[in-house]
2 protein chains.
Amino acid sequence: MSETFNLINNIQNGCSRVQKKHFVKNETITTYIQKRNQICIMITGTADLIRYDLNGNKDIVDKFNENDIFGEAFYPVHTNNELTVICTTDCDVLFLLHDDIYKKCKQNCKFHNTLFSNILELTLRNAIHQNTRIEVLSKRTIREKLLTYFSILSSKDFSKSFTLPFTLTNLADYLSVDRSAMMRELKNLIDEGFISKSGNRIKLLYK
Amino acid sequence: MSETFNLINNIQNGCSRVQKKHFVKNETITTYIQKRNQICIMITGTADLIRYDLNGNKDIVDKFNENDIFGEAFYPVHTNNELTVICTTDCDVLFLLHDDIYKKCKQNCKFHNTLFSNILELTLRNAIHQNTRIEVLSKRTIREKLLTYFSILSSKDFSKSFTLPFTLTNLADYLSVDRSAMMRELKNLIDEGFISKSGNRIKLLYK
DNA sequence: TAAAAAAAGTTGCAATTGCAACAGAAAGAT
DNA sequence: ATCTTTCTGTTGCAATTGCAACTTTTTTTA
C-alpha cells in the first residue's frame, strides 16, 4: 500500500498528533492499556502481540506485518492479563489516537484526510484477515482447519500450489492446534494423496 | 449508536448512492459476490451469514445484530462456496459500495461525512467482536473456551454474574464445538464448583 | 565456522471431543 | 388449546487431539 508510504513522507509538514517511532528487534512497541485507544500502523517490520497470563505464561495472540493496523482500539476489554506488542525485527511504527481521528486538525490538512482514508482501508483489510482466521479456527478437526486454510491460500494465489506464509511451528499457532498433532495430520494428508509438500510449499492434489 | 439512527433520518435529503431497504423474516438480504465490495449496515433486525458448501450443507458462519456492519468488503475471496445473508427477523438494512466511500459526492454533503465517520466506528467495533471470537476460538479445550468467553462477558458487565447473549445451542456454534460436548463440560464446571447456572444466567464462583 | 537456537519430524498414551441417538421442556404457530 | 418446532439435557463409544519426550535437520548468531 503505497499510500501509507506517502503518508509517512508527509509527516514532517503534517500534523503533530501523529508520531512515527523506530524500534529495534525485541523492543516493546506498546502495551495495551484500557481506554487509551491507541491505534498503531506497522510501516516496516514485524511484531508479536503477546499475552502474559496470571501464571506468567507467554502466549502469542497475534502477529503483525508491514501495513498491519493494531492497538487497543481493536481489542476487547482485558482485565486480568496484559497484552504487549514486541517486535521480532527492527520496526517503524506510526502511532495515533482514536479520538484524534475525529477531531480533525484545525487546518483540515490534506495529511489528516489521507490518514483517515488509509485507516479505514487498513481496518477493512484487517477485518478480512480476521474473518479468514475465524473461518479456519471454526473448523472442528485439524484436517479441516488445514484444508480450509490451504483452500484460502490457493484461491488467493489462483493456483493449486502456494507457499505457506509461516513456518510449520507458526502455522500450528495460527490454527491453534498442537504442533505434533498437526504434523501427524499433515503426514496423513500426504499419505492419503490429498496434498504434496516440499519445504513449506504445498500443492493441492484433489478436485 | 444514535448516530446511525440520525444517519437514516438524513437519507432523504442525503446522497443517492446509499440505499435503505426493508426485508421480512427469511428473505435473502444479499449474496457475497467477489469484487462487488458491498458494505451493509444492519439498522434494525438480525440475520445469519450462511455458507452452502459443495455438498449443499448449511453452515452458519456469522450472526449479525442491530448496528453490525457486514458485506463482501469484509470477507476473503471465496471461490468454491457461496455466502448468503438471510434475515432471521424483519430487517432494515443500509447498502453502500466500498468505492463510494472514497469518491465523496460532489456537494461534499454533511451526510457523506457523517457516514464516513460512522463506518470507521462500526468497523472498529466489528474488529473488537472478531478479536473476542478469535481469542475464544484459539483456546484448545472446550473448558478453556467457555471460561475465556465467560471471563470476557464478566469484564464487560463488571460483574461475576451475567446473562448469555445466546441460546446454549448458539453458544456451541459460536465456540465451534459440539453442543453435547459443551453441555457435558458445562456440567463438569458446575459440578466442580467453578460456575453456577440458572437458565442462561451464569455466575463465576472462582477467584 | 563452530556453537547455539529454532524448527521439523516422530511416537505412545491418556484425555478430550465429536457423533449418534435419545427424551423431556419450552417456545411459537395455527 | 393443541400441534410443531426448537432448545436443553444425557450417555456410550469411537475417533481425534494434546501432551511429553525424543531425534534430526536447518537456521541464526557469536
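In chain B of this predicted model, four strands make up an open antiparallel sheet, ordered S1-S8-S3-S6. Strands here are DSSP runs of E with at least two residues, helices are runs of H or I with at least four residues, and both are numbered from the N terminus; two strands pair if DSSP finds at least two bridges between them. At the edges of the chain B sheet stand strand S1 (19-23) and S6, each of which pairs on one side only. Inside the sheet, strand S3 (residues 38-44) of chain B runs antiparallel to strand S8 (residues 91-97) of chain B, and 6 bridges join the two. Within this pair, Ile41(B) is found opposite Leu94(B) of S8(B).

Residue numbers start from 1 along each chain as its sequence is written, while chains are lettered from A and ligands numbered from 1 in the order in which they are written. As the model is predicted, local features need pLDDT of at least 70 and side-chain atom pairs count only at pLDDT 80 or more, whereas totals for chains, interfaces and linings use all residues.

Strand S4 (residues 47-52) and strand S7 (residues 82-87) of chain A are paired antiparallel over 6 bridges, with Thr84(A) of S7(A) as the bridge partner of Ile50(A).

Further along chain B, strand S10 (residues 195-198) and strand S11 (residues 201-204) pair in the antiparallel sense over 4 bridges, among them the one between Ser198(B) and Arg201(B). S10(B) and S11(B) form a hairpin with 2 residues between them, and Gly199(B) in the turn has a positive phi of about 65 degrees.

Asn67(A) has a phi of about 75 degrees and sits in the loop between S5 and strand S6 (69-70) of chain A. With 18 other C-beta atoms within 10 Å, Asn67(A) is partly exposed; by this count a residue is buried at 20 or more other C-beta atoms within 10 Å of its own, exposed at 12 or fewer, and partly exposed in between, with C-beta atoms placed from the backbone. In chain B, Asn67(B) has a positive phi near 75 degrees, lies in the loop between strand S5 (58-64) and strand S6 (69-70), and counts as partly exposed with 18 C-beta neighbours inside 10 Å.

How the two chains relate is considered next. The contact takes 28 residues from chain B and 27 residues from chain A, where contact requires C-beta atoms, placed from the backbone, within 7 Å. On the side of chain B that touches chain A, helix H2 (98-102), helix H3 (110-137) and helix H4 (142-157) each supply at least two residues, and the largest share, 14 residues, comes from H3(B). That side has 15 nonpolar, 10 polar and 3 charged residues, with Ala, Val, Leu, Ile, Met, Phe, Trp, Tyr, Cys and Pro counted as nonpolar, Asp, Glu, Lys and Arg as charged, and the others, Gly among them, as polar. The copies meet through the same surface, because 96% of the interface residues of chain B are also interface residues in chain A.

Finally, the DNA. Around DNA strand D there are 17 residues, of which Thr141(A), Asp178(A), Ala181(A), Leu168(B) and Ser180(B) come nearest; a residue is near a strand if its C-beta atom, placed from the backbone, lies within 6 Å of it. H6(B) gives the most to this surface near DNA strand D, with 4 residues. DNA strand C is surrounded by 17 residues, the closest being Leu168(A), Ser180(A), Thr141(B), Asp178(B) and Ala181(B). Near DNA strand C, H6(A) gives the most, with 4 residues, and the residues of that surface divide into 5 nonpolar, 6 polar and 6 charged.

Note on methods
Two residues are in contact if their C-beta atoms, placed from the backbone, lie within 7 Å.
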